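Colleague: I'm new to this one. Can you walk me through it?
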Amino acid sequence: MPGYAAYLLSRLGQFVLVVFIGMNISFIVTHSTPIDPVEQTIAAATQYGSTNPEAIALMRQSLRELYGLEGGLGAQYVAFWRRIAVGDFGPSLSAFPTPVAVLVGRAIPWTVGLLVVSTVLTWILGNALGGLAGYYRKNRVLRFAGILAMAFHPIPYYIVAFILLITFGYLWPVLPISGGYMMNMERGFNLGFIMSLLEHSILPILSLVLVGLGGWFMGMRSLVSNVVTEDYVTYAELGGVSRRRILVSYVMRNALVPQVTGLAMSLGAIFNGAIITEQVFGYPGIGTLLVSAVHAGDYSLVLGITSVSIVAVSAAVLMIDLLYPLLDPRVRAR
Amino acid sequence: MWRILRDLFRHNRAFAVGMALVFFVVVFATLSLFSPYPPNDSFVVPPDLPPSWAYLLGTTSRGQDVFWLLSFSIRNTLLFGLTVAFISRILSLVIGLVAGYLGGVMDRVLMSINDTFIVIPLFPILVLFYFVMRDRMSWSLLALMMACLGWAYDARLIRSVAMSLRTREFTETGIFSGMSMRQVLVQEHLPYVLPIVFSTTMNNLNWSIGLEVTLSVLGFTDINTPTIGVLIYWANQHTALVAGIWWWIAFPVLLVVIAFVGLFLLAVSMNEYIDPRSRLDRVHG
C-alpha cells in the first residue's frame with residue numbers, strides 16, 4: 001500500500017526535523033550567551049576561600065572536556081551531536097559521579113506515568129463529555145459541565161496546581177501535597193506502597209486533568225455539532241438507527257479524527273504542563289529534576305534533560321501519528 | 001467597527017463579561033501610574049499588615065503595599081504579554097500568509113518548520129535559556145525569545161485562511177493588474193485575516209503570560225522587575241503561606257486568574273463572531 005508508506009515516510013521525516021530543529025535551538029541557546037558555563041562553575045566552586053591557580057587551570061580543562069566545549073564552534077557542534085546520538089551527557093555535576101543518563105532514566109518513569117495517565121484520562125473524558133454536549137445541546141447538566149471546563153481552561157498549569165496545593169495542603173489537608181510516595185516507605189510491589197503511590201498522584205493528575213479538559217471538551221462539542229448536520233446522520237435518523245448508535249459510531253467516530261491530530265499537536269504543551277505540575281507537587285520526575293539542576297548549576301544535567309525531552313516528545317508524537325491510520329482509513333487508501 | 005463591538009456587547013454575554021474583566025485588569029494596571037511608592041522600594045509601609053482601609057490588600061513582609069505593588073506587577077505582566085503577542089503576530093502573519101499564498105513546496109517547507117515549533121517542548125528550552133543567561137536575563141530578552149517560539153499555532157490558522165483567499169477572484173484580479181506578492185498580501189489578504197489575528201492575540205497573551213508567571217515563580221527570570229510571577233516568587237521566598245500572610249499570594253493569583261478568564265472569553269466570543277455558523281445558532285436559539 002503506497003499511500004500508507006508515503007504517509008509513514010512523511011511522518012518519519014517530520015520526526016527527524018523536530019529533533020533536528022529542537023537540538024539546534026538548544027545548541028544556539030547554549031552557545032549564544034556571553035556567559036561561559038565553565039567559568040560559572042569554577043566561580044561557584046571557588047567562591048569560598050582561595051584555590052591555587054594550577055588546580056583551577058586543571059579544573060577548567062576537565063570541565064571543558066566534560067561539557068563538550070573544547071575546540072572551535074564546528075568541533076563543538078559535532079561533539080554535541082555525537083553525545084546526543086549515543087545518549088551520553090557525561091556525569092552530573094551536582095550528583096557527581098552519577099551519569100546524567102542515569103538520573104534522567106530514574107526520573108522518566110514518573111513523568112511518563114503521570115503524563116500517560118492524565119493525558120489519556122483528560123482526552124477520553126473531554127471528548128466523551130464534549131461529544132455528549134454537542135449531541136444533546138439542551139441538556140442542563142452538560143451545559144454546566146461545559147462552563148466549568150471552560151472556566152479552568154485558560155488558567156495555566158502552574159496557577160491551577162498552586163490553587164489545588166493551597167486548597168488541599170493548607171485549607172483542607174486531606175491529600176499528600178509532595179513527593180511520589182510516602183517517605184520512609186519501602187518501595188515494593190505491595191498494597192501499601194501502591195496505595196501511597198496512587199494517593200500521591202491524585203493532586204498532580206487532578207491539576208493536569210482540570211486544565212486539559214476544557215480544550216478537548218470545546219473542540220469535540222463544536223466538531224460534533226457540525227457533524228450532526230451532515231446528511232448521512234439525518235439519513236440514519238430517518239432510517240431508525242438508535243440514537244446511541246448514531247452518536248457513537250456515526251458522529252463521534254468521525255469527529256474523533258481531528259481530535260487525534262490535536263492530541264499529537266498539543267503533546268509538547270501537555271509535557272510542559274506535566275513538568276511544571278511535578279515541580280509544584282515535588283513529584284520525583286523530570287520537572288523536579290530540571291528545576292533542582294538549575295538551582296545546583298548543573299550544566300550537563302540541564303542540557304541532558306532538555307535534549308531528552310525534545311526526543312521523547314517528538315517520539316510520542318510520531319507514535320500517535322503512526323496509530324492515526326487505524327482511525328482514519330482514508331490515509332491508507334490514498 | 002464600533003457597531004460590531006456594540007452588537008457583540010449586547011448579544012454575546014461571553015464578550016460582555018470578558019470585556020468587563022479585561023477592562024478591570026487594565027484599569028488596575030493603569031493605577032500604577034499614581035503609585036505613591038516606586039515599585040522596588042521596600043519597607044515604605046509597616047510589614048505583614050492584613051488588608052484594611054489604610055492598606056486595601058495588606059502589606060508584604062518586605063514592607064510593600066500589596067495594592068500598589070500588584071498594580072505595577074500586572075502592568076509589567078500585561079506589557080510583557082503584549083510585546084510577545086506583537087512580535088509573534090508579525091512572524092505568524094508573514095509565514096502564514098506567504099505559505100498560504102505560494103502553496104506547493106514553499107508551503108510544505110514552511111509548514112514542516114511550523115509543526116516542529118508546535119511540537120517542541122518549550123519549557124525546558126526556556127529553562128535552558130535562563131540557565132545560560134542567569135543574571136543577564138531580562139524582561140525584554142525573555143519576551144523576544146518567547147515571541148520567536150510562540151508564533152507557530154497561529155501561523156497555521158492564518159495559512160488555512162490565506163489558502164482559500166488565494167482561490168478567490170479578487171486575488172486573480174490583483175495579480176493580473178500587476179500587483180506584487182507583497183501588495184496582494186498586505187492590501188488584499190491582510191484585512192481578511194485580521195479578525196483571526198485579534199482572537200489569536202488573546203490566546204497568545206494567555207499563553208505568554210502563563211509561561212512568564214510560571215518561569216518567574218520558579219525564579220527563572222529577572223526577579224527584580226515586578227511581575228505577577230515575581231510577586232508570587234517573593235511571597236514564596238518569605239514562606240508567606242506558612243507565616244499566614246495569605247493576602248500576599250491570594251490577590252496576585254486572583255487578579256491573574258481574572259485576566260486569564262477575561263482574555264479567554266474575549267477570544268472565544270471573537271471566534272464565534274468570525275464563524276458565521278455559530279452566529280446563526282445564537283439567533284435561532
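Colleague: What does the secondary structure of chain A come to?
Modeller: Chain A has 13 helices and zero strands, where helices (H or I, at least four residues) and strands (E, at least two) are DSSP runs, numbered from the N terminus. This is a predicted model: local features need pLDDT of at least 70, side-chain atom pairs count only at pLDDT 80 or more, and totals for chains, interfaces and linings use all residues. Residues are numbered from 1 along each chain as its sequence is written, while chains are lettered from A and ligands numbered from 1 in the order in which they are written.

Colleague: And what does chain A span along its principal axes?
Modeller: Its C-alpha trace spans about 90 × 55 × 40 Å.

Colleague: How many residues are in chain A, and what percentage is buried?
Modeller: Chain A has 334 residues, and 38% of them are buried. A residue is buried if 20 or more other C-beta atoms lie within 10 Å of its own, exposed if 12 or fewer, and partly exposed in between, with C-beta atoms placed from the backbone.

Colleague: Where does UniProt place the feature "transmembrane region" in chain A?
Modeller: The unreviewed UniProt entry puts it at residues 12–29, 107–129, 141–172, 192–217, 260–281 and 301–324 of chain A. UniProt positions are given in the numbering used here, feature names are shortened, and annotations may be inferred rather than shown by experiment.

Colleague: How much helix is there over residues 301–324 of chain A?
Modeller: That stretch of chain A is 100% helix and 0% strand, and its end C-alpha atoms are 34 Å apart. Over residues 141–172 of chain A, the figures are 84% helix and 0% strand, with the end C-alpha atoms 27 Å apart.

Colleague: Pick a residue. Where is A:Leu223 found?
Modeller: A:Leu223 sits in helix α8 (residues 191–227) of chain A.

Colleague: Buried or exposed? And why is that said of A:Leu223?
Modeller: A:Leu223 is buried, because 23 other C-beta atoms lie within 10 Å.

Colleague: What is A:Leu223 in contact with?
Modeller: Leaving out neighbours within four places in sequence, A:Leu223 is in contact with A:Gly134, A:Ala255 and A:Pro258. Two residues are in contact if their C-beta atoms, placed from the backbone, lie within 7 Å.

Colleague: On to chain B. How many helices and strands?
Modeller: Chain B has twelve helices and zero strands. Of its 285 residues, 48% count as buried.

Colleague: At what angle do α7 and α9 of chain B pack?
Modeller: Helix α7 (residues 152–166) of chain B and helix α9 (residues 181–217) of chain B pack at about 160°, with axes 10 Å apart. Axes are lines fitted to C-alpha atoms, for helices over the stretch in contact, and angles run from 0 to 180 degrees between N-to-C directions. α7(B) and α9(B) are therefore roughly antiparallel, a label for angles over 145 degrees.

Colleague: Which residues of α7(B) and α9(B) make the contact?
Modeller: From α7(B), they include B:Leu157, B:Val161 and B:Leu165. Those of α9(B) include B:Tyr192, B:Val193 and B:Ile196. The residues of this contact divide into eight nonpolar, three polar and one charged. Ala, Val, Leu, Ile, Met, Phe, Trp, Tyr, Cys and Pro count as nonpolar, Asp, Glu, Lys and Arg as charged, and the others, Gly among them, as polar.

Colleague: How many residues does the contact take from chain B and from chain A?
Modeller: There are 35 from chain B and 44 from chain A. On the side of chain B that touches chain A, the largest share, ten residues, comes from α5(B). By class, that side of chain B has 27 nonpolar, five polar and three charged residues.

Terms used: Angles under 35 degrees count as roughly parallel, over 145 as roughly antiparallel, 65 to 115 as roughly perpendicular and the rest as oblique.
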